[in-house]
Amino acid sequence: MLEVKNLKKKFGSNLVLKGINLKVEKGDIIAIIGPSGCGKSTFLRCLNGLEEITSGKIIFEGKEINKNSNDLSNLRRKIGMVFQQFNLFPHLTVEENIILAPVKLKMMTEKEAKKKAIKLLKSINLSDKINCYPNKLSGGEKQRVAIVRSLIMNPDIILFDEPTSALDPEMVGEVLELIKKIADDGMTMIVVSHEMNFVKKCANKILFLDDGKVSLFGTVNEVFNSKENERIKEFLNV
């Protein structure tokens, strides 16, 4: 479904990603873990073309993603992205935030988009917030709306960039519960997270990124029970 080959990314003379390789199969839930500053968020932004890669290849459903791709915008529609800081438009209501992209991109009529938005909001118990503006929502509610905004595009894969890092501790659970529900429904995901309990419960594979390189990639058991990799043991404090 998604394959990354020797991906490198430089900012000026600083090589942030130093040759990442990864293969994502349909239905995978891959958690990316690692210390702050190791390149996790940059890697996600490269995957859907928000950052131009320096070298290497990203192949999504048989097509290479790069700035010269004629159908880059079409590929992006299939790769959803949920950010740390929600990125909701403050001047738009919840409903307007959700339906903006599918209507603007002519994927749906406004009537169709509104109907789907209502259905999605109802599924996460936020239908009563449909006419609210973001400043009237809690952090957890904002992030759940941001997730719905991604889901309405009917993506083939969703990238989550530390979706709970901007939340108060009591709001983390409701967002992680929603992500787990989406995962249980069969959505392919790549999730950057510091929530190790969530990673253990939700992911089927883990990529441990350290200093811009893949230090370890394997199943949850392989990573959390690694005996040989001293760096992952140090990171997990086991």
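What percentage of the 238 residues of the protein chain count as buried? In this predicted model, the share is 50%. The protein chain is built from nine helices and 10 strands. Its radius of gyration, 18 Å, agrees with the value near 18 Å that a compact globule of 238 residues would have.

**Overall dimensions and contacts**

- The C-alpha trace of the protein chain spans about 55 × 45 × 30 Å along its principal axes.
- Among contacts in the protein chain with a separation of 6 or more, 66% are between residues 24 or more positions apart.

**Surface and charge**

- The protein chain has an accessible surface of about 12,000 Å², and carbon and sulfur atoms contribute 47% of that surface.

**Helix 1**

- Helix 1 covers residues 40–47 and is mostly covered, with six of its eight residues buried.
- The buried residues in helix 1 are Lys40, Thr42, Phe43, Leu44, Cys46 and Leu47.
- Buried here means that a residue has under 20% relative accessible area, and Lys40 of helix 1 falls in this class.
- In an α-helix, residues three or four places apart point the same way, because there are 3.6 residues a turn.
- After helix 1 comes Gly49, which has a positive phi, near 85°.

Technical notes:
Residues numbered from 1 in each chain as written. Predicted model: local features only at pLDDT ≥ 70, side-chain atom pairs only at ≥ 80, totals over all residues. Heavy atoms only, no water. Helix = DSSP H or I, 4+ residues; strand = E, 2+ residues; numbered from the N terminus. Rg over C-alpha atoms; globule rule 2.2 N^0.38 Å. Buried < 20%, exposed > 50% of the residue type's maximum accessible area, 1.4 Å probe, protein only. Contact = heavy atoms within 4.5 Å. Areas by Shrake-Rupley, 256 points an atom, 1.4 Å probe, with all protein chains shown as cover.
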